[in-house]
Amino acid sequence: QVQLVQSGGGLVQAGASLRLSCVASRRSSSTYAMAWFRQAPGKEREFVARISMSGESTDLAESVKGRFTISRDNAKNTVYLQMNSLKPEDTAAYYCAASRWYGTARTGGEYWGQGTQVTVSS
(Lines give C-alpha, C1' and ligand atoms only; values in the text may rest on other atoms or scores of the structure.)
Protein backbone atom coordinates (compact mmCIF):
# COMPACT_ATOMS: atom_id res chain seq x y z
CA GLN A 1 0.00 0.00 0.00
CA VAL A 2 1.14 3.52 -0.75
CA GLN A 3 0.29 6.49 1.40
CA LEU A 4 0.36 9.90 -0.23
CA VAL A 5 0.79 13.03 1.85
CA GLN A 6 0.18 16.38 0.22
CA SER A 7 1.43 19.82 1.12
CA GLY A 8 1.25 23.26 -0.38
CA GLY A 9 -1.84 25.10 -1.45
CA GLY A 10 -3.43 28.11 0.16
CA LEU A 11 -5.03 31.41 -0.69
CA VAL A 12 -3.41 33.56 -3.37
CA GLN A 13 -4.35 36.35 -5.73
CA ALA A 14 -4.86 35.86 -9.43
CA GLY A 15 -1.56 35.72 -11.29
CA ALA A 16 0.35 34.25 -8.38
CA SER A 17 2.15 30.90 -8.23
CA LEU A 18 1.91 27.92 -5.93
CA ARG A 19 3.62 24.56 -5.76
CA LEU A 20 1.91 21.46 -4.50
CA SER A 21 3.89 18.48 -3.27
CA CYS A 22 2.87 14.87 -2.82
CA VAL A 23 5.18 12.56 -0.90
CA ALA A 24 4.76 8.80 -1.14
CA SER A 25 5.43 6.52 1.77
CA ARG A 26 7.28 3.84 -0.13
CA ARG A 27 10.39 3.79 -2.28
CA SER A 28 8.50 1.65 -4.74
CA SER A 29 6.38 4.68 -5.49
CA SER A 30 8.69 5.19 -8.45
CA THR A 31 6.88 2.25 -10.04
CA TYR A 32 3.66 4.26 -10.09
CA ALA A 33 2.54 6.86 -12.51
CA MET A 34 1.37 9.93 -10.66
CA ALA A 35 -1.38 12.39 -11.39
CA TRP A 36 -3.09 15.46 -10.04
CA PHE A 37 -6.82 16.01 -10.02
CA ARG A 38 -8.99 18.80 -8.73
CA GLN A 39 -12.56 19.23 -7.65
CA ALA A 40 -14.36 22.50 -7.24
CA PRO A 41 -17.53 22.76 -5.11
CA GLY A 42 -20.52 21.45 -6.99
CA LYS A 43 -18.40 20.15 -9.84
CA GLU A 44 -17.05 16.78 -10.80
CA ARG A 45 -13.45 15.83 -10.23
CA GLU A 46 -11.29 16.69 -13.21
CA PHE A 47 -7.90 15.59 -14.42
CA VAL A 48 -5.12 18.17 -14.21
CA ALA A 49 -1.82 16.45 -14.99
CA ARG A 50 -0.05 13.11 -15.05
CA ILE A 51 3.54 11.92 -15.19
CA SER A 52 5.05 8.57 -16.02
CA MET A 53 7.12 6.45 -13.62
CA SER A 54 10.38 7.74 -15.05
CA GLY A 55 9.15 11.29 -15.44
CA GLU A 56 9.88 11.29 -19.16
CA SER A 57 6.24 11.54 -20.18
CA THR A 58 3.82 14.14 -18.97
CA ASP A 59 0.32 15.16 -19.92
CA LEU A 60 -1.65 18.23 -18.93
CA ALA A 61 -5.26 19.21 -19.22
CA GLU A 62 -5.90 21.86 -21.85
CA SER A 63 -7.12 24.29 -19.21
CA VAL A 64 -3.73 24.36 -17.48
CA LYS A 65 -1.30 23.91 -20.37
CA GLY A 66 1.31 26.63 -20.43
CA ARG A 67 0.65 27.49 -16.77
CA PHE A 68 1.09 24.28 -14.77
CA THR A 69 3.99 21.86 -14.75
CA ILE A 70 4.14 18.38 -13.26
CA SER A 71 7.44 16.86 -12.21
CA ARG A 72 8.76 14.18 -9.90
CA ASP A 73 11.85 13.41 -7.87
CA ASN A 74 11.97 9.66 -7.40
CA ALA A 75 14.90 9.93 -5.01
CA LYS A 76 12.56 11.87 -2.71
CA ASN A 77 9.41 9.88 -3.58
CA THR A 78 7.81 13.20 -4.40
CA VAL A 79 5.72 14.57 -7.23
CA TYR A 80 5.16 18.28 -7.71
CA LEU A 81 2.58 20.47 -9.37
CA GLN A 82 3.93 23.90 -10.14
CA MET A 83 1.07 26.27 -10.78
CA ASN A 84 1.80 29.64 -12.34
CA SER A 85 -0.48 32.44 -13.50
CA LEU A 86 -3.26 31.16 -11.31
CA LYS A 87 -6.82 32.12 -12.15
CA PRO A 88 -9.94 32.19 -9.98
CA GLU A 89 -11.25 29.22 -11.95
CA ASP A 90 -8.32 27.18 -10.64
CA THR A 91 -9.91 27.31 -7.20
CA ALA A 92 -10.50 23.74 -6.07
CA ALA A 93 -9.37 20.96 -3.80
CA TYR A 94 -6.38 19.31 -5.42
CA TYR A 95 -5.59 15.62 -5.05
CA CYS A 96 -2.59 13.56 -6.06
CA ALA A 97 -3.05 9.96 -7.11
CA ALA A 98 -0.80 6.98 -7.80
CA SER A 99 -1.60 4.60 -10.60
CA ARG A 100 0.05 1.38 -11.71
CA TRP A 101 -0.35 2.42 -15.32
CA TYR A 102 0.40 5.71 -16.99
CA GLY A 103 -2.33 4.99 -19.47
CA THR A 104 -5.02 4.98 -16.81
CA ALA A 105 -3.54 7.69 -14.62
CA ARG A 106 -5.63 10.24 -16.48
CA THR A 107 -8.82 8.73 -15.06
CA GLY A 108 -7.80 7.98 -11.49
CA GLY A 109 -5.50 6.00 -9.26
CA GLU A 110 -5.24 3.18 -6.76
CA TYR A 111 -4.07 5.51 -4.02
CA TRP A 112 -5.02 9.08 -3.23
CA GLY A 113 -3.65 11.94 -1.21
CA GLN A 114 -5.71 13.70 1.42
CA GLY A 115 -6.35 16.75 -0.73
CA THR A 116 -5.26 20.34 -0.37
CA GLN A 117 -7.25 23.49 -1.00
CA VAL A 118 -6.18 26.08 -3.53
CA THR A 119 -8.14 29.32 -3.55
CA VAL A 120 -7.42 32.04 -6.07
CA SER A 121 -8.99 35.43 -5.50
CA SER A 122 -9.64 37.91 -8.29
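This is a predicted model: local features need pLDDT of at least 70, side-chain atom pairs count only at pLDDT 80 or more; totals for chains, interfaces and linings use all residues.
View 1. Residues are numbered from 1 along each chain as its sequence is written, and side-chain values use heavy atoms, with hydrogens and water left out. Here E46 meets R38, their closest N and O atoms being 2.5 Å apart. R38 counts as buried at 6% relative accessibility, while E46 is partly exposed at 35% (buried is under 20% relative accessible area, exposed over 50%, partly exposed in between; 1.4 Å probe, protein chains only). Salt bridges link R38, E46, R67 and D90 into a network.

**View 2. D59 and its two arginine partners.** D59 forms a salt bridge with R50, with 2.9 Å between the closest N and O atoms, and another with R106, where that distance is 2.3 Å. D59 lies in strand β6 (residues 58-60) and R106 in the loop between β9 and β10, so this pair ties together parts that are 47 residues apart in sequence (strands are DSSP E runs of at least two residues, numbered from the N terminus). D59 and R50 are both buried; R106 is partly exposed, at 35%. The charged end of R50 also sits over the ring of Y102, 4.2 Å from its centre (CZ of Arg or NZ of Lys within 6 Å of the ring centre and within 35 degrees of the ring normal).

**View 3. Aromatic pairs.** The structure holds 3 aromatic pairs (Phe, Tyr or Trp rings, using the six-membered ring of Trp, with centres within 6.5 Å; planes under 30 degrees apart are stacked, over 60 edge-to-face, the rest tilted). Y32 and Y111 pair edge-to-face, 5.9 Å centre to centre with 75 degrees between the planes. F37 and F47 are also edge-to-face, at 6.0 Å and 70 degrees. Ring pairs join F37, F47 and W112 into a cluster, and the charged end of R45 sits over the ring of F37.

**View 4. The largest nonpolar core.** Of its 35 residues, W36, F68, L81, M83 and Y94 touch the most other members (buried Ala, Val, Leu, Ile, Met, Phe, Trp, Tyr and Cys residues joined through side-chain atoms within 4.5 Å). Strands including β3 (18-24) and β9 (92-99) each supply at least two residues of this core.

How values were computed. Helices (H or I, at least four residues) and strands (E, at least two) are DSSP runs, numbered from the N terminus. A salt bridge is a side-chain nitrogen of Lys or Arg within 4 Å of a carboxyl oxygen of Asp or Glu.
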